[in-house]
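Work through the exercises below with the sequence and the model at hand. Each task is followed by a solution in steps.

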Amino acid sequence: MGVLPVEYTKPEIMKAIKKVCILMIVGLVISSSCSKNEDSPPVNPEDIIAAVEAVSDQYLQAWNEKDLNTLDQLTSNDGEFYGSDPTEIMDKPALLEMYSLFFEDTTSSYMYTVNMRKIRVSPDANSAIIMERITFPEWSPKMPMCQTSHLVNDGGVWTIDFICWGFIIKNDDVVKVNEVL
C-alpha cells in the first residue's frame with residue numbers, strides 16, 4: 001500500500017495563498033518600521049542647545065520683568081517644582097502662586113543674574129537638563145543659588161517640567177552656617 005496524494009480544492013489553495021500573502025505583508029510592515037529612516041535630517045546638538053538656552057533666557061527675562069504669563073507658558077502643566085525651602089514642593093498652580101507672591105513684594109528685589117550655565121542634552125535630543133548658578137544681588141548677596149531645570153521637547157516646543165532651587169555655600173562655610181542656625 002502506498003500513500004495517496006492529498007488533493008486540494010481550489011478554495012483551499014486560495015485560502016493558503018491568502019495566508020501566505022498576509023504573513024508576507026505583516027513581515028514587510030514590521031521590518032520597515034524597524035528600519036532607520038534615512039530621510040530625516042540628523043539632529044544638530046548645537047541647534048538643540050541654542051533652543052534650550054533660548055528658553056532659559058526667556059525664563060530669566062520673564063522672571064526679572066515679573067511676567068507671569070510668559071512663566072506660565074514656559075512651564076509644563078504637569079511639572080514638578082522644588083523651592084529652596086524644604087516645604088516648597090509644588091505643582092504648576094502652586095509655583096505660579098509663589099511667583100505672584102514674590103512679584104507682589106515691593107520691599108525686596110528678586111531679580112537675578114546667571115553666573116554659569118551648563119546644558120546637557122539627552123541622547124534622543126528630546127529633553128535637556130540645565131544647571132545654572134544664579135545670584136540675587138539684593139535678596140541673598142552672600143549665598144548664590146543653583147537652579148536646576150529639566151526641559152522637554154513636545155512637538156518642537158520646549159517647556160520646563162522640573163525646577164529645583166538650592167542655596168550654595170562653600171564647604172568651609174558649612175560649620176559657620178550650622179553655628180548660626
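**Exercise 1.** What volume does the largest cavity have?

Solution. The model is predicted, so local features need pLDDT of at least 70 and side-chain atom pairs count only at pLDDT 80 or more, while totals for chains, interfaces and linings use all residues. Residues are numbered from 1 along each chain as its sequence is written, and side-chain values use heavy atoms, with hydrogens and water left out.

Step 1. A cavity is a set of points, on a 1 Å grid over the protein atoms alone, where a 1.4 Å probe fits but cannot get out. Points are joined across faces, edges and corners, and the volume is the space filled by probe spheres set on them.

Step 2. Searching the whole structure gives 1 cavity of 30 Å³ or more.

Step 3. The volume of the largest cavity is about 40 Å³.

**Exercise 2.** Find which residues line the largest cavity, and sort them by class and by element.

Solution. Step 1. Lining residues have an atom within 4 Å of a point. Here they are Ser 56, Tyr 59, Glu 132, Gln 147, Ser 149, Leu 151 and Ile 160.

Step 1. Count Ala, Val, Leu, Ile, Met, Phe, Trp, Tyr, Cys and Pro as nonpolar, Asp, Glu, Lys and Arg as charged, and the others, Gly among them, as polar. The lining then has 3 nonpolar, 3 polar and 1 charged residues.

Step 2. Helices (H or I, at least four residues) and strands (E, at least two) are DSSP runs, numbered from the N terminus. At least two lining residues come from each of α2 (45-64) and β5 (140-154); β5 gives the largest share, 3 residues.

**Exercise 3.** Trace the salt bridges of Arg 117.

Solution. Step 1. The criterion is a side-chain nitrogen of Lys or Arg within 4 Å of a carboxyl oxygen of Asp or Glu.

Step 1. Arg 117 pairs with Glu 53, with 3.5 Å between the closest N and O atoms. Because Arg 117 is in strand β3 (residues 113-121) and Glu 53 in helix α2, this pair ties together parts 64 residues apart in sequence.

Step 2. Glu 132 also forms a salt bridge with Arg 117, at 2.7 Å between the closest N and O atoms. Glu 132 lies in strand β4 (residues 127-136), so this pair ties β4 to β3 across 15 residues in sequence.

Step 3. Glu 53, Asp 57, Arg 117 and Glu 132 are linked in a salt-bridge network.

Step 4. Buried means under 20% relative accessible area, exposed over 50%, and partly exposed in between (1.4 Å probe, protein chains only). Glu 132 is at 2% and therefore buried; Glu 53 is at 32% and therefore partly exposed.

Methods:
On a 1 Å grid over the protein atoms alone, a cavity is a set of points where a 1.4 Å probe fits but cannot get out, and a pocket is an open set with protein on both sides within 12 Å along at least five of seven lines; lining residues have an atom within 4 Å of a point.
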